Amino acid sequence: MTTKDKRFPLSLSSVVNQKDKAGGGAVRHTAMPQTAMRNAAHHLSGVAAAKTANSQHLHLPQGAVGASAGLSPSLLSGPLVSEGVRRAMVSRVAQQGVKDTTVLAALQAVPRHLFLESGMASQAYVDASLPIGHHQTISQPYIVARMLEIMRNGGKLERVLEIGTGCGYQAAVLSVMVKDVYSIERIKALHELAKSNLRPMRIANIRLLYGDGMQGLPSEAPFDGIILAAAGLEVPQALLKQLRVGGRLVAPVGGRNQVLQLIERVSTYEWNSSVLESCHFVPLHPGII
Ligand code: SAH
């Protein structure tokens, strides 16, 4: 959403505006926890960290999205989509330990309800993963924020690769804090859904790709950061090679029991790996469908 970069302004606007919300697959209207670290999730008081965050990235979402998406003023001004509701969600995320104000501000900036079926919009600001069709989920806000905080590590990210676009929510959050965002999805219908969700937001710095993210995107490498939104038993080798030296990759790893893994490329032939907290993501699969 930064307006600085104009290198691929047509990537989203060139798409036909067709809301592929049907998405196929049964939609369960049930919130699902995505991590064990949710104990503080219901405390609304405390850190209003987004207030202190750098406000230069906060211009676009509310006004621009509403105006171009043709949403009724009543929907936009309703309590569900008010800054306050989202701020409460961001406060809960901060209460769980996310401190990076740039990340919290990005979370505050993106209207998560616009990435969900209208029937699920009332749950949009619950701190949980939610179904988006095709047996996939929109990630839990806390885990999105935590992974971005780990990947950013207080530094500046120019180019970031996301594996697993899903409905496009995390790509939108990334676009607020990163110069160029590349996001790959292996399910064609979800790739189309993300395009449909993001198009009205007119975000110039996201490039969506349909393909197998396990191969990465060698043509655009190296990346300052790589983030996986689906869990494999290990991090694909191809992705490690596409990290810039000094870059950081964050991924859920495991089967039934998963952990967040951080991999830092310390030199051309050397990577450091560390294991962080537990988490629960949908599986990483090879190939495209
Ligand atoms: N980033 C999303 C989360 C989507 S869930 C959000 O913002 O909420 C994870 C996604 O990873 C699913 O859509 C799934 O289809 C996708 N995925 C799994 N394996 C993949 C692969 N090899 N390449 C690309 N996408 C993959």
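Predicted model: local features only at pLDDT ≥ 70, side-chain atom pairs only at ≥ 80, totals over all residues.
For pairing I'm using the DSSP rule of at least two bridges between two strands. Strands (E, at least two residues) and helices (H or I, at least four) are DSSP runs, counted from the N terminus.

Numbering runs from 1 along each chain as its sequence is written, and side-chain values use heavy atoms, with hydrogens and water left out.

**The sheet**

Next I traced the strand order. I read an open, mixed sheet of seven strands, β5-β4-β3-β6-β7-β8-β9. The edges are β5 (206–210) and β9 (270–279); each has a single partner strand, so one side of each lacks a neighbour in the sheet. On average, neighbouring strands are turned by 15° against each other, direction ignored. My axes are lines fitted to C-alpha atoms (for helices, over the stretch in contact), with angles from 0 to 180 degrees between N-to-C directions.

Helix α8 (residues 169–177) touches β3 (157–163), β4 (178–185), β5 and β6 (223–228), and its direction makes about 160° with that of β4. Helix α9 (residues 188–198) also packs on the sheet, touching β4 and β5, at about 160° to the direction of β5.

**A helix pair**

I looked at α6 (residues 101–109) against α7 (residues 141–152): the axes come within 9 Å and cross at roughly 140°. From α6 the contact uses Thr102, Val103 and Leu107, and from α7 it uses Pro141, Val144, Ala145, Leu148, Glu149 and Arg152. By class that's six nonpolar, one polar and two charged residues. My classes: Ala, Val, Leu, Ile, Met, Phe, Trp, Tyr, Cys and Pro are nonpolar, Asp, Glu, Lys and Arg are charged, and the others, Gly among them, are polar.

I found a cis peptide bond from Ala221 to Pro222, omega near 10°. Pro222 belongs to the loop between β5 and β6.

His134 has phi near 60°, positive without being a glycine, and sits in the loop between β1 (130–133) and β2 (136–138). His135, in the loop between β1 and β2, also has a positive phi near 60°. For cover I call a residue buried under 20% relative accessible area, exposed over 50%, and partly exposed in between (1.4 Å probe, protein chains only). His134 is partly exposed at 21%, while His135 is exposed at 72%.

Gln136 lies in β2 and counts as buried at 18% relative accessibility. Leaving out residues up to four places away in sequence, I see Gln136 touching Leu130, Pro131, Ile187, Leu190 and Val282.

**Whole chain**

I logged 10 helices and nine strands, with 54% of the 289 residues buried. Of contacts between residues at least 6 apart in sequence, 66% join residues at least 24 apart. Accessible surface (Shrake-Rupley, 1.4 Å probe) comes to about 12,300 Å², 56% of it on carbon and sulfur atoms.

How values were computed: Contact = heavy atoms within 4.5 Å.
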